[in-house]
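Dear colleague,

I am passing on the structure we spoke about, together with some notes on what turned up when I went through it. Please read them alongside the model itself.

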Amino acid sequence: MKKIGFVSVAIFASLLSGCATNVIDSFIKEQNYDGLYLRGVFSWWEADEKYKLVERSDQVYSTTIELIADGQPYDFKIADATWSPGKNCGYASESDKVIVVGDSVRSSCETTDENFRFTPDETGTFQFTIDFSGFGAPKVSIEIITN
C-alpha cells in the first residue's frame, strides 16, 4: 500500500513540475522585436529604413521623426516589414487610440486596423517608443526631442 501511495505522489509531482515549467518558460522567453518600423501617413505606410526602430535598452525600441504641427493628426502603427501577426502593433482599446506627448498608452501587437493617432502641438523632432519590457501589453509613448 505504501508503494502505491509513493508512486501516486511521484506521478502527481511530476505532472505539476511539468506544468510549472511551461508557465515559467512563457514568461522567460523574450521575442526578438528587431525589424520593427514606425509606419504611418508620413511614410505612406511603408517599412522605410528611415523609420526603423532601434533597441535603446532591453526590450525598449524607438525612433525619431520630424513632424509639422498643422493641426492634422498623424495616424501610425508599429509593425515589421510584412505586417506579421505579433508584430503589428496598434492601440489596445479605444481609450489608447490618441497619444499625447509625455503619456504612454497600451498597445496590442495582434491588430489589423487599430491605428494610433498623434497631433503635435508644435513642429519638431519626436521620439516614438514601444516598451515590451513589462508584463502585459507593450506601452507606446512619444516625447519631443527638439522644437
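Strands here are DSSP runs of at least two residues, numbered from the N terminus. With that in mind, Asn147 belongs to the segment that follows strand E9, which covers residues 139-146. Please bear in mind throughout that this is a predicted model.

Asn147 is exposed, its relative accessible area being 70%, and once the neighbours within four places in sequence are set aside, this residue is in contact with Glu122, Thr123 and Gly124. Asn147 and Ile68, which are separated by 79 residues in sequence, lie 10.0 Å apart in space when taken from C-alpha to C-alpha.

As for the chain overall, there are 1 helix and 9 strands, and the order along the sequence is α-β-β-β-β-β-β-β-β-β. Of the 147 residues, 35% are buried, while the chain exposes about 9000 Å², with 55% of that area supplied by carbon and sulfur atoms. Among contacts with a separation of 6 or more, 58% are between residues 24 or more positions apart.

The search of the whole structure also found 1 disulfide, formed by Cys89 and Cys109, whose sulfur atoms are 2.0 Å apart. Cys89 sits in strand E5 (residues 88-91) and Cys109 in the loop between strand E6 (104-108) and strand E7 (116-118), so the pair ties together parts that are 20 residues apart in sequence. The link between Cys89 and Cys109 is right-handed, with 100° about the S-S bond, and both Cys89 and Cys109 are buried.

Definitions and conventions: Residues numbered from 1 in each chain as written. Predicted model: local features only at pLDDT ≥ 70, side-chain atom pairs only at ≥ 80, totals over all residues. Heavy atoms only, no water. Disulfide = S-S within 2.5 Å. Helix = DSSP H or I, 4+ residues; strand = E, 2+ residues; numbered from the N terminus. Buried < 20%, exposed > 50% of the residue type's maximum accessible area, 1.4 Å probe, protein only. Contact = heavy atoms within 4.5 Å. Areas by Shrake-Rupley, 256 points an atom, 1.4 Å probe, with all protein chains shown as cover.
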